[in-house]
Amino acid sequence: MAGSSKSKILCIGGTGYIGKFIVEASAKAGYTTFVLVRESTISNPSKSPIINKFKNLGVNLVFGDLCDHQSLVNAIKQVDVVISTVGHLQLADQDKIVSAIKESGNVNRFFPSEFGDDVDRVHAVEPAKTGFATKAKIRRSIEAEGIPYTYVSSNYFAGYFLTTLSQPEAIVAPRDKVIILGDGNPKAVFNKEDDIATYTINSVDDPRTLNKILYVRPPANTLSFNELVTLWGRKIGKTLERTYVSEEQLLKQIQESSPPEQVILSINHSAYVKGDQTNFEIESSFGVEASALYPHVKYTTVDEYLNQFV
């Protein structure tokens with residue numbers, strides 16, 4: 001869309017992990033962009049770099065708080081689209097955003113904080129099960145209130161899962177041995193955070209994504225654990241020794257571990273063992289695929305992403 005026809009966007013949770021990418025993509029795409037921030041965030045030295053970056057991008061900072069209903073309403077009344085990127089501890093609090101959107105009456109599209117698996121199509125165990133259920137509950141609330149929406153199912157963040165090839169407690173990718181969950185054959189999807197943000201912003205004013213799930217499932221980024229290890233081994237010129245962890249062993253590990261490891265293991269069980277990111281077809285009745293919808297976007301492939309670690 002051109003010029004003044006572009007929607008005004010409010011990001012809630014914009015200084016968080018995926019939020020900062022969404023805000024930057026929005027501003028760079030020429031959208032009038034607002035970020036809801038607490039006054040305490042502005043005075044927090046650790047947040048200064050991101051706040052300054054937002055200011056340099058021309059982003060409008062709006063003071064408010066999830067727990068301050070009137071501040072939410074006031075912020076939302078200035079925009080057409082609301083994108084929530086709040087963290088897992090605030091997922092349930094999004095019902096406050098839903099209430100404020102309903103009262104404001106001017107929002108054309110709401111993107112709740114999703115940016116992971118499609119929570120209506122997972123076979124997860126605890127504690128991931130509860131997190132997914134919380135997101136699903138927010139979906140049902142949005143639909144019950146008749147609020148126009150797009151749910152972004154972006155699967156794995158490359159920065160979280162490709163950096164170490166999902167190796168427990170690792171800080172770099174393995175070079176000798178690798179642990180593979182399950183038989184390594186179900187396919188998962190790994191996307192660079194900048195690309196997730198770009199696809200999200202492309203969908204904001206797109207009628208094709210209205211009341212749909214936007215799946216970020218580019219073909220070149222859809223690989224099994226085995227394929228991922230083979231690709232990495234080829235890059236470093238080694239055949240890595242593979243140790244396979246059965247589902248039974250993994251479930252035992254999940255039960256015996258504690259957060260945050262327990263959360264990550266249960267998410268990995270869903271994706272790597274159950275294949276929840278790819279074990280269904282995307283049907284036009286409920287979803288669209290981002291790389292097919294926006295072929296002009298040059299996304300970073302897994303192959304390209306891994307080059308930085310060689």
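Helices here are DSSP runs of H or I, at least four residues long, numbered from the N terminus. By that definition, Ser266 sits in helix H11. One caveat before we go on: this is a predicted model.

Let's stay with Ser266. Is Ser266 buried or exposed? The cut-off for buried is under 20% relative accessible area. Ser266 has 0%, so Ser266 is buried. What does Ser266 touch, once we leave aside neighbours within four places in sequence? Val125, Glu126, Pro127, Ala128 and Ile254.

Ile254 takes us to the next helix. Ile254 is one of the H10 residues in contact with H11. H10 covers residues 247-256, and H11 covers 261-273. Their axes are 9 Å apart, at an angle of about 160°. Over 145 degrees counts as roughly antiparallel, so H10 is roughly antiparallel to H11. The crossing is left-handed. Who makes the contact? From H10, we have Glu247, Leu250, Leu251, Gln253, Ile254 and Gln255. From H11, we have Gln262, Leu265, Ser266, His269 and Val273. By class, that contact has 5 nonpolar, 5 polar and 1 charged residues.

Now a second pair, H4 and H5. H4 is residues 69-76, and H5 is residues 94-104. Their axes come within 9 Å and cross at roughly 55°. That angle makes H4 oblique to H5. What is the hand of the crossing of H4 and H5? Right-handed. On the H4 side, look at His69, Gln70, Leu72, Val73 and Ile76. They meet Lys96, Ile97, Ser99, Ala100, Ile101, Glu103 and Ser104 in H5. The class count for H4 with H5 is 6 nonpolar, 4 polar and 2 charged.

Last stop, H9, residues 225-236. First, a length check. At 1.5 Å a residue, 12 residues should span 16 Å. The end C-alpha atoms of H9 are 17 Å apart, which agrees.

Which residues of H9 are buried? Phe225, Asn226, Leu228, Val229, Leu231, Trp232, Gly233 and Ile236. A reminder on helix geometry: with 3.6 residues a turn, residues three or four places apart point the same way. What covers the buried residues of H9? The cover includes four strands: E8 (177-181), E9 (187-191), E11 (222-224) and E12 (241-245). It also includes two helices, H13 (302-306) and H11.

After H9 comes Gly237. The phi of Gly237 is positive, near 70°.

How values were computed:
Residues numbered from 1 in each chain as written. Predicted model: local features only at pLDDT ≥ 70, side-chain atom pairs only at ≥ 80, totals over all residues. Heavy atoms only, no water. Axes fitted to C-alpha atoms, helices over the stretch in contact; angles between N-to-C directions. Parallel < 35°, antiparallel > 145°, perpendicular 65-115°, else oblique. Left-handed = near helix turned anticlockwise from the far one by under 90°. Contact = heavy atoms within 4.5 Å. Nonpolar A, V, L, I, M, F, W, Y, C, P; charged D, E, K, R; others polar. Expected span 1.5 Å × (residues − 1). Buried < 20%, exposed > 50% of the residue type's maximum accessible area, 1.4 Å probe, protein only.
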